[in-house]
Amino acid sequence: MPNTKERPIKVLIAKPGLDGHDRGAKVLARGLRDEGFEVIYTGLRQTPEMVVTAALQEDVDVVGLSILSGAHMTLLPRIAEGLRAQGLDDVLVTAGGIIPDDDIPALEAAGISRIFGPGTTIREVADYLRASARHRDA
Amino acid sequence: MTSADSTAKADMTAQLDPRARGERLAEEARAGSRRALARLLTEVEARTRVAEVAMRILYPLAGGAHLVGVTGAPGAGKSTLVAGLIAEARATGRPVAVIAVDPSSPITGGAILGDRVRMQQFAGDADVFIRSMASRGHVGGLATSSVAAAAVLDACGFPLIFIETVGTGQSEVEVAAVADTTLVVQAPEMGDEVQAIKAGLLEVADIVAVNKADRPGADRAAANLRAMLTVGVSRDRAMGDRPRPKRPDVLLVSGMTGAGVPELLAALDRRHAARSDGSVPGAAAGDAARLKRAEAQVAGILAERLWDRLRDGSLAAGTAATLSAVAAHDLDPYTAAERLLIAAGGGAADVPGGD
């Protein structure tokens, strides 16, 4: 019987923007499930508003954004900003996908705490989230 | 986004003690803060002291909402249909909340909660609140958490609440069964008439929605269901005190095209209205559902409290020893349960709000 007092970490996996490649996001969602996370999957073509609303209503600990379209410099800061505007400062925001190294410092400054590039293993992501997401005791 | 949250700062309640935090969250959630509501639901889900304090405030304010359980096999189109029902209800300005339950892995405790995918178009609407919930393998059953969450949403101004579950296991059927109205969603490819008269899901239905009406064969599936579900269910023949199967309405709908959705919402509303004004057959059935809901909640909390007491502190070692004895077949489980009950009976030290 699982201990009812232990809270799994809640992660929102979303794909903002217009690219239609969600295999990576789905593999990650599945992988994090197997690592014991509760993963809310919102699917493709999410607007920043959709991501922020889902994070708010679901009271997630982590927002993980998958983006391959090249629009990351526009969309990711807008999502981070939207989360802050809703008072969700304590939510960890991470991203993955095709993001050039040169863009990473600007994204980090905008509030994206970690960018996972191609080749990242699910274990690495899970370990990072466990170490960095807010912890809430029962 | 327009809501009371726009000026909110980082969670100021985190440092408060459980009582103050529960009171604060309840107050803010009632005042329209969606963030406070979301945080409160997290507490309810984890069954914390904070949730207990908040429930003492909110539960008496709830009870007016129409709680609709939505269940059916995976892929029957539940989420898409619920999205259609939300749109229909919003057209008349009614706030709507959804609690979407997906299973937790019994091995890792992880879960994929994917029902939101079909409901993301309501992101800009503060009067639509969607919350996913993992089943988490609770002792007292899933019904306790989801029904408690519904009570919170009810008290915070949502008059129509859908609880969506995958209808594949007993606990999911139970959740649907404790709702005021149980909607079973069925795809046309459901098999022959014999499937419809098997015991289980369809028995708890108040309304059966045959979804995907745009597909060939949907008409016939609905006709078959109607014939099989109503046959032999006689209202005037006395059945004494024996529990009696329900006599569900069968409606043909399409979550994708929206066909039949207004009629479905109207049918749901009629059931709620009939119960509220105490006329017609719905009334008695409604009371039964509410009593069942009360039982599910209290029984769930009792079971959990009992287990907590047996596994915590001074009793933990004795409980472990008793369980080992049962595992080794040195002790039978009935005697073990009896002993544990007696052991747990002493002292009611941590019952909050006692006296």
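Hi everyone, let's start with one pair of residues: A:Val39 has B:Ile112 as its bridge partner in β3(B). Before I go on, this is a predicted model, where local features need pLDDT of at least 70, side-chain atom pairs count only at pLDDT 80 or more, and totals for chains, interfaces and linings use all residues. As for labels, residues are numbered from 1 along each chain as its sequence is written, while chains are lettered from A and ligands numbered from 1 in the order in which they are written.

Back to that pair. Strand β2 of chain A, residues 38-41, runs parallel to β3(B), and three bridges link them. Strands here are DSSP runs of E with at least two residues, helices are runs of H or I with at least four residues, and both are numbered from the N terminus. Two strands pair if DSSP finds at least two bridges between them.

Now the contact between the chains. It takes 35 residues from chain A and 39 residues from chain B, where two residues are in contact if their C-beta atoms, placed from the backbone, lie within 7 Å. On the side of chain B that touches chain A, the elements giving two or more residues are α2 (34-46), β3 (111-113) and β4 (128-134) of chain B. Which of them gives the most? That is α2(B), with seven residues. Sorted by class, this side of chain B has 15 nonpolar, 13 polar and 11 charged residues. Nonpolar covers Ala, Val, Leu, Ile, Met, Phe, Trp, Tyr, Cys and Pro; charged covers Asp, Glu, Lys and Arg; the others, Gly among them, are polar.

Let's stay with chain A for its helices. Axes here are lines fitted to C-alpha atoms, for helices over the stretch in contact, and angles run from 0 to 180 degrees between N-to-C directions. Helix α2 of chain A, residues 48-58, crosses α3(A) at roughly 35°, and their axes come within 9 Å. The residues making that contact include A:Val51 and A:Val52 of α2(A), and A:Leu75 and A:Ile79 of α3(A). By class, the contact of α2(A) with α3(A) has seven nonpolar residues, one polar and two charged.

Over to chain B, which has 12 helices and eight strands. Of its 355 residues, 45% count as buried, meaning that 20 or more other C-beta atoms lie within 10 Å of a residue's own; 12 or fewer make it exposed, anything in between is partly exposed, and the C-beta atoms are placed from the backbone.

In one, α1 (residues 18-30) and α2(B) cross at roughly 135°, with axes that come within 7 Å. These two are therefore oblique to each other; angles under 35 degrees count as roughly parallel, over 145 as roughly antiparallel, 65 to 115 as roughly perpendicular, and the rest as oblique. The contact of α1(B) with α2(B) has six nonpolar residues, no polar ones and two charged.

In the other pair, α4 (residues 78-91) and α9 (residues 261-276) of chain B pack at about 75°, with their axes 9 Å apart. That makes α4(B) roughly perpendicular to α9(B). Among the residues in this contact are B:Leu85 of α4(B) and B:Leu264 of α9(B).

Finally, a look at some backbone angles. Most residues other than glycine have a negative phi. B:Lys212, however, has a positive phi of about 60° although it is not a glycine. B:Lys212 is in the loop between β7 (207-210) and α8 (218-230) of chain B. Is B:Lys212 buried or exposed? It counts as buried, because 26 C-beta neighbours lie inside 10 Å.

B:His329 also has a positive phi, near 65°, and lies in the loop between α11 (316-327) and α12 (333-345) of chain B. B:His329 is exposed, with 7 other C-beta atoms within 10 Å.
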